[in-house]
Amino acid sequence: MKYTLRLSVHTAEGAIIRILGLVERRGFALARVDTTSPEDNGHLDMELDVVSAERSIDVLMRQLDKLFDVSHVLHLQSDTRRLVLKKGEAC
Amino acid sequence: MNGAQLIVACLETEGTEIVFGYPGGAIMPVYDALYDSSLKHVLVRHEQGAALAADGFARATGKVGVCIATSGPGGTNLVTGIANAFADSVPMVAITGQVATPLMGTDSFQEVDIFGITMPVVKHSFLLRDVADIPRVMREAFRIAAEGRPGPVLIDVPKDVAAAQTDLHPLLAGPQQQVAGADAASIRKAGELVRAARRPVLYAGGGIVIAQAVEAFRQYVELSGIPVVTTLKGLGSVPTRHERCLGMLGMHGTRAANQAVQDADLLVCVGARFDDRATGKLDGFAPKAKVLHMDADPSEVGKLRAADVGLLGDLSKNLAQLPAPVDIEAWQAQCERDKVEHQNRYDAPGTGVYAPALLRQLSEEADERLLLTCDVGQHQMWVAQHCEISSPDRHLTSGGLGTMGFGLPAAIGAQLGTPDACVVCVTGDGSIMMNVQELATIKRYNLPVKIVLLDNSCLGMVRQWQDLFFDGRQSEVDLSDNPDFVRVAESFGIPAFRVDRRDQVDDAIQTILNSDGPVLAHVQIDPAANVWPLVPPGMTNSTMMDEA
């Protein structure tokens, strides 16, 4: 099953490698990684395609959300239905 | 003031009184600053000892443990201790020296990317590239280490940043954020689950003591009368002698605890995480039970077992909102019958020392000051199965990582953090050799740590598994050429004595408990002794092996 996640990330040293390492360590394969920095404001947008046959995307979102450099995690389910995880919430 | 002096000033501002460490090249500016500081620095004999002592200090006191090491091998030697703290959610700040920023990335002497190496085993980490960041980073490190689900935070300090001049000052901690309880709708659903249950079980984990919710949990046990099973780290959430306590669940749990979970219609998981050592085969764990999962960490709810209701936030507040179940008298009686029927026996034949009986007697004869630390292996499980444990912070054990070598440095940290405690380190002949050098630390600071070394001349738990599951092919587990541990201890200046027979145990326990200073009891036990009962790997907790 492939999922697309969009993250808002504070551009601290190590932030990107921390996110990518967590995704793979928690049993997801990375199929695509895009990063853009729309403004020079210390944040970048990150979009990931992640793949797992059996692991829960909800749990991965909460694990990513725990990272201190991640301010938002968004699961792009379709153009019309989006699930936003606010900091500290369960799905 | 330079950066190193500012770091030490920040530690003092955070209320740190003791740090554990080992000096070296890149961290020398910090050690120079420590020379003039009010902090007590405990010089260990290996950096792993520093991290594990900081861990033991944190578990015993609830405060953030601090360890310091130099760059390169100093940092890498900390890694096991940092991972241990991560696996067991222990608040820790680890400070490492780093080569100067112009040398970083050039493979210079004692350079290693400790920031990168530790990334999977820290709650967060910082690489200090600017002296101006020190006050913010130090404050954030202590906040992150302690808040929510605690964990280790690493701060890597390049030597030139430590030497740079600054006129900044430490930041003061702001008011502590109050953690709210769960939302009203979730509380209502949880209450409905509890009221509907006829066979509920409380599954108590290490999160209870971390959340400072032991008192609230005990009040709920008294109010509800629900039988309690605990994880390894949850032991003592209610005293193990409490009438509702069925003991530890899982691979080496009690039959009563495992049977109760398998029969339960509601599992109230309080600060636990469905670890594989507790659940056995996951899809056969508590097969008839709905799950109410209470945890501070949102990512744990539903991670391994779907929860019918999850309660996030402050454990004490949430426990106080739960109702008592109704009509569970028959279930309570069934659990009590199982507990009595399968209670431990201590009448082993022979004249040799029976380790479970010795440990049981030791914990019964000790007073409320007893604080146990364990290493990892058979003796660790015997402590969990047989010792009376009054509170989780009086039983320090490496649960998640299973770190052989934890016991001795953890005892050092615990003794320094709680000077009035009677700290007893229960170790094995395999484990003690992992950090035996810390006997020198015990001697140097004259710490009254008692060591009970259960010696079966082999790696007992591995040998047991090889006998049971690898056709008895005992591969690389023989330790019959161990040193003379009495002479080893005495060479460090620590009194020691041997216990070879059962009729020596009474006197040995009195000597251990009544010695003013440190002492090591070298106890020879049966090399063939096993830990029973046992859930074989890959089986459900209904399948428990016992001694033939």
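Reader: What is the area buried between chain A and chain B, and how much of it do carbon and sulfur atoms give?
Author: About 1,400 Å² is buried between chain A and chain B, and carbon and sulfur atoms give 59% of that. On the side of chain A, E13(A), R18(A) and F68(A) lose the most area to chain B, together 46% of what that side buries. This is a predicted model.

Reader: Why quote an accessible area lost for the size of an interface?
Author: The size of an interface is often given that way.

Reader: How many residues of each chain are in contact?
Author: In chain A, 14 residues are in contact with 19 residues of chain B. The cut-off for contact is heavy atoms within 4.5 Å.

Reader: What makes R129(B) and E13(A) a salt bridge?
Author: The closest N and O atoms of R129(B) and E13(A) are 2.7 Å apart. The rule asks for a side-chain nitrogen of Lys or Arg within 4 Å of a carboxyl oxygen of Asp or Glu, so the pair qualifies. The count between chain A and chain B is 2 salt bridges.

Reader: Which elements give two or more residues to the side of chain A that touches chain B?
Author: They are α1 (15-25) and α2 (57-65) of chain A. By class, that side has 4 nonpolar, 3 polar and 7 charged residues.

Reader: Why is the pair D546(B) and R255(B) called a salt bridge?
Author: Their side chains meet at 3.6 Å, N to O. The limit is 4 Å, so the pair passes.

Reader: Why is D546(B) called partly exposed?
Author: Its relative accessible area is 41%. Buried means under 20% and exposed over 50%, so D546(B) falls in between. R255(B), at 25%, is partly exposed too.

Reader: How do you know that R360(B) and E364(B) are separated by about one helical turn?
Author: Both sit in helix α15 (residues 355-365) of chain B, 4 residues apart, which means about one helical turn.

Reader: Is R360(B) buried or partly exposed?
Author: R360(B) has 23% relative accessibility. Buried needs under 20%, so R360(B) counts as partly exposed. E364(B), at 44%, also counts as partly exposed.

Reader: Which residues of chain A are linked in a network of salt bridges?
Author: R6(A), R32(A), D34(A), E47(A) and D49(A) are linked in one. Over all chains, the count comes to 31 salt bridges.

Conventions. Residues are numbered from 1 along each chain as its sequence is written. Chains are lettered from A and ligands numbered from 1 in the order in which they are written. This is a predicted model: local features need pLDDT of at least 70, side-chain atom pairs count only at pLDDT 80 or more; totals for chains, interfaces and linings use all residues. Side-chain values use heavy atoms; hydrogens and water are left out. Buried area is the accessible area (1.4 Å probe) that two parts lose on being put together, summed over both. Ala, Val, Leu, Ile, Met, Phe, Trp, Tyr, Cys and Pro count as nonpolar, Asp, Glu, Lys and Arg as charged, and the others, Gly among them, as polar. Buried means under 20% relative accessible area, exposed over 50%, partly exposed in between (1.4 Å probe, protein chains only).
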